[in-house]
Amino acid sequence: MTQSHRIFVALDSSDRASLVLTAAKRLAELTSSKLILFRAVSIPPDLPHTVFEVSDVRLEEMLLANARADLAQQAKQVEGYVDKLHCVFGTAWDSICREAKEANAELIVSGSHGHSLAARMVGTTAAKVVNHADRNVLVIRTLL
């Protein structure tokens with residue numbers, strides 16, 4: 001590792017995110033690393049069309065603002081270890097792989113979310129990150 005160790009932590013808004021953060025913080029403590037907390041945001045495919053008529057603010061901007069606020073709240077759990085908060089609009093697995101590379105992070109930490117039958121058939125975000133990332137990935141299994 002280089003002098004500035006970075007762990008890229010892919011988070012969502014689920015209850016499991018706290019467990020992922022706890023594991024990432026422990027790794028940061030053990031390796032004298034800083035955390036990059038990351039969230040990818042996209043428009044859900046089943047979003048009602050009426051949502052687009054609610055405000056003059058673009059939906060993408062509202063979703064990103066909400067994600068940034070949520071990420072800032074999550075960051076309080078790992079205060080002192082955070083190097084950066086980063087949110088982008090895009091497909092989760094692809095954005096995680098691309099942004100971790102861009103940040104030159106030594107490791108990606110992600111939760112093992114998506115236990116539904118549909119997620120298993122299509123593939124979870126964590127599985128896609130493991131299969132496509134050009135760096136090591138640690139998947140935190142949660143038992144919620």
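A: Begin with contact, which means heavy atoms within 4.5 Å. The model shown here is predicted.

Q: Which pattern does the protein chain follow along the sequence?
A: The order of elements is read from the N terminus. The protein chain has five helices and five strands, and their order is β-α-β-α-β-α-β-α-α-β. Among contacts between residues at least 6 apart in sequence, 77% join residues at least 24 apart. Of the 144 residues, 38% count as buried.

Q: Which residues of helix 2 are buried, and against what do they pack?
A: Helix 2 covers residues 59–75; its 17 residues reach 24 Å between the first and last C-alpha, close to the 24 Å expected at 1.5 Å a residue. Leu-59, Leu-64, Ala-67, Leu-71, Gln-74 and Ala-75 are its buried residues. Their arc around the axis is only 135°, which puts them on the same side of helix 2. They pack against helix 1 (17–31), strand 2 (34–41) and strand 3 (82–89).

Q: Which residues touch the most other members of the largest nonpolar core?
A: In soluble globular proteins, nonpolar side chains tend to be buried together. Here the largest nonpolar core has 20 residues, of which Val-9, Leu-11, Leu-35, Leu-37 and Val-109 touch the most other members. Strand 1, helix 1, strand 2, helix 2 and strand 4 each give two or more residues to this core. The largest share, five residues, comes from helix 1. A second, separate core of 13 residues includes Val-88, Ile-96, Ala-103 and Val-129.

Q: Which residues of strand 4 lie on each of its two sides?
A: In a regular strand the side chains alternate between the two faces of the sheet. In strand 4, Leu-107, Val-109 and Gly-111 lie on one side, with Ile-108 and Ser-110 on the other, and all are buried. Strand 4 is thus mostly covered, with five of its five residues buried.

Q: Which residues do Val-109 and Ser-110 touch?
A: Leaving out residues up to four places away in sequence, Val-109 touches Ile-7, Phe-8, Val-9, Ala-10, Val-20, Ala-24, Leu-27, Leu-138 and Ile-140. With residues up to four places away again left out, Ser-110 touches Ala-10, Val-20, Ala-126, Leu-138, Val-139 and Ile-140. Ser-110 counts as buried because its relative accessibility is 4%, where the cut-off is under 20%.

Q: How many bridges does strand 4 form with strand 1 and with strand 5?
A: Pairing is read from the bridges between two strands. Strand 4 pairs with strand 1 in the parallel sense over three bridges, and Ile-7 stands opposite Leu-107. Strand 4 also pairs with strand 5 in the parallel sense, over five bridges; there Gly-111 stands opposite Ile-140.

Q: Is Arg-135 buried or exposed, and where does it lie?
A: Arg-135 lies in the loop between helix 5 (125–132) and strand 5, and is buried, with a relative accessible area of 18%. Its side chain reaches the backbone oxygen of Ala-105 at 2.6 Å and makes a polar contact with the side chain of Asp-134 at 2.9 Å. Apart from neighbours within four places in sequence, Arg-135 is in contact with Ala-100, Lys-101, Asn-104, Ala-105, Glu-106 and Ile-108. Arg-135 and Asn-104 are 31 residues apart along the chain, and their C-alpha atoms are separated by 9.3 Å.

Conventions
Residues are numbered from 1 along each chain as its sequence is written. This is a predicted model: local features need pLDDT of at least 70, side-chain atom pairs count only at pLDDT 80 or more; totals for chains, interfaces and linings use all residues. Side-chain values use heavy atoms; hydrogens and water are left out. Helices (H or I, at least four residues) and strands (E, at least two) are DSSP runs, numbered from the N terminus. The expected span of a helix is 1.5 Å times one less than its number of residues. Buried means under 20% relative accessible area, exposed over 50%, partly exposed in between (1.4 Å probe, protein chains only). The arc is that of the directions from the helix axis to the C-beta atoms. A nonpolar core is a set of buried Ala, Val, Leu, Ile, Met, Phe, Trp, Tyr and Cys residues joined through side-chain atoms within 4.5 Å. A polar contact is a pair of N or O atoms within 3.5 Å; within protein, one must be able to donate a hydrogen and the other to accept it, and residues adjacent in sequence count only if both atoms are side-chain atoms. Two strands pair if DSSP finds at least two bridges between them.
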